[in-house]
Amino acid sequence: MSYKLPDGYANCELLPFNRKALDDDFVLSTPSQDPGGGGYRLMLQGTRVLVDRTEDINLPRDEQAMELGADQDSIFIGHWKGVPCRLQHLSRTASIPQSLHATNILDNEPGLPLSLLSLAGLGNSILHWERTSCCCDNCGEKMGRINSEWGKKCSACGSQHYPRIHPCIIVLVRRNNEILLVRKPEWAPGRFGLVAGFVEFGENLEQTVVRELFEETGITVTNICYQGSQSWPFPSQLMTGFTADYSSGEIKLQDNELSEGNWYSIDNLPQLPPRRSIARWLIDMAVNDLQIDTNRIKG
Ligand SMILES: [Zn+2]
């Protein structure tokens with residue numbers, strides 16, 4: 001049994017890693033609300049999730065986690081298909097039992113149901129928070145959990161800290177029948193995507209769009225429109241998606257960020273991002289709109 005990512009999404013709320021994509025199968029809770037008893041185990045080794053493929057694809061049960069000899073440091077995160085679900089980090093050297101399969105959630109086609117893919121992403125974000133929140137930012141002393149919340153409180157100075165989500169923009173720029181696509185050197189060979197970046201001090205999202213585009217490609221834009229957003233749990237970004245129309249400038253790449261950037265006609269697109277990201281959702285939507293426009297002109 002294997003699953004393919006959908007060809008499209010009715011709206012971007014349904015993209016993988018957004019809470020809506022796992023709502024029917026998972027209810028998020030907090031570690032202090034662990035009801036006890038057996039349950040499912042969400043085990044992550046980096047961005048690899050361990051799944052049981054015996055029948056359909058599902059999370060392993062506690063008993064299968066025990067085979068790893070590593071049931072010490074799991075935390076309760078909520079209910080998966082109505083059953084308690086606990087999250088566990090696996091070291092890089094942990095060997096995987098024969099009965100389980102490790103699947104990389106960042107593969108182009110991870111072959112997982114959307115809800116399970118999204119839950120694994122959520123787990124990645126939570127593990128990042130757990131790793132980075134053991135000590136207080138304020139004084140360096142140990143932190144403890146706040147009851148029924150994901151926040152933590154410092155045992156010494158009392159300051160409270162909550163999971164940090166970092167806002168980013170990602171933008172699709174149109175120029176007549178073309179769209180702007182760029183490449184980072186570390187991406188898969190031949191694959192292109194969109195300009196993206198972190199919001200900086202004092203910026204609103206539209207200002208980040210303008211700055212990132214100018215810094216990375218040397219162009220300016222107009223008609224900046226918010227289209228939707230996606231939780232990106234690698235480790236904890238919120239991607240806010242925009243479209244914009246080209247205004248002025250020639251493409252001049254920032255050397256250390258991008259290796260390529262060009263205008264592409266929608267009839268001649270290079271390899272695009274996989275259908276699990278808001279980048280692809282924005283591209284598919286723009287291509288669809290431009291095709292409708294082209295057909296209208298022809299008609
Ligand atoms: Zn403190």
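Visitor: Leaving aside its neighbours within four places in sequence, which residues is Ala21 in contact with?
Guide: Two residues are in contact if their C-beta atoms, placed from the backbone, lie within 7 Å. This is a predicted model, where local features need pLDDT of at least 70 and side-chain atom pairs count only at pLDDT 80 or more, while totals for chains, interfaces and linings use all residues. Residues are numbered from 1 along each chain as its sequence is written. With neighbours within four places left out, the contacts of Ala21 are Leu14, Leu15, Pro16, Leu114, Ser115 and Ser118.

Visitor: Is Ala21 buried or exposed?
Guide: A residue is buried if 20 or more other C-beta atoms lie within 10 Å of its own, exposed if 12 or fewer, and partly exposed in between, with C-beta atoms placed from the backbone. Ala21 has 26 C-beta neighbours inside 10 Å, so Ala21 counts as buried.

Visitor: What distance separates the C-alpha atoms of Ala21 and Pro113?
Guide: Ala21 sits in the segment before β1 (26-28). Along the chain, Ala21 and Pro113 are 92 residues apart, yet their C-alpha atoms are separated by 9.9 Å.

Visitor: How many helices and strands does the protein have?
Guide: Both kinds are DSSP runs numbered from the N terminus: helices are H or I with at least four residues, strands are E with at least two. Counted that way, the protein comes to four helices and 15 strands.

Visitor: Which peptide bond is cis, with omega near 5 degrees?
Guide: Look in the loop between β13 (220-232) and β14 (237-248), where you'll find Pro235. The cis bond, with omega near 5 degrees, runs from Phe234 to Pro235.

Visitor: Where does Ser148 lie?
Guide: Ser148 isn't a glycine, but its phi is positive, near 60 degrees. It has 11 C-beta neighbours inside 10 Å, so Ser148 counts as exposed. Its place is the loop between β7 (143-145) and β8 (152-154).

Visitor: What about Asn223: why does that residue count as exposed?
Guide: Asn223 is part of strand β13, and its phi is near 50 degrees, a positive value in a residue other than glycine. Asn223 counts as exposed because its C-beta neighbours inside 10 Å number 12.
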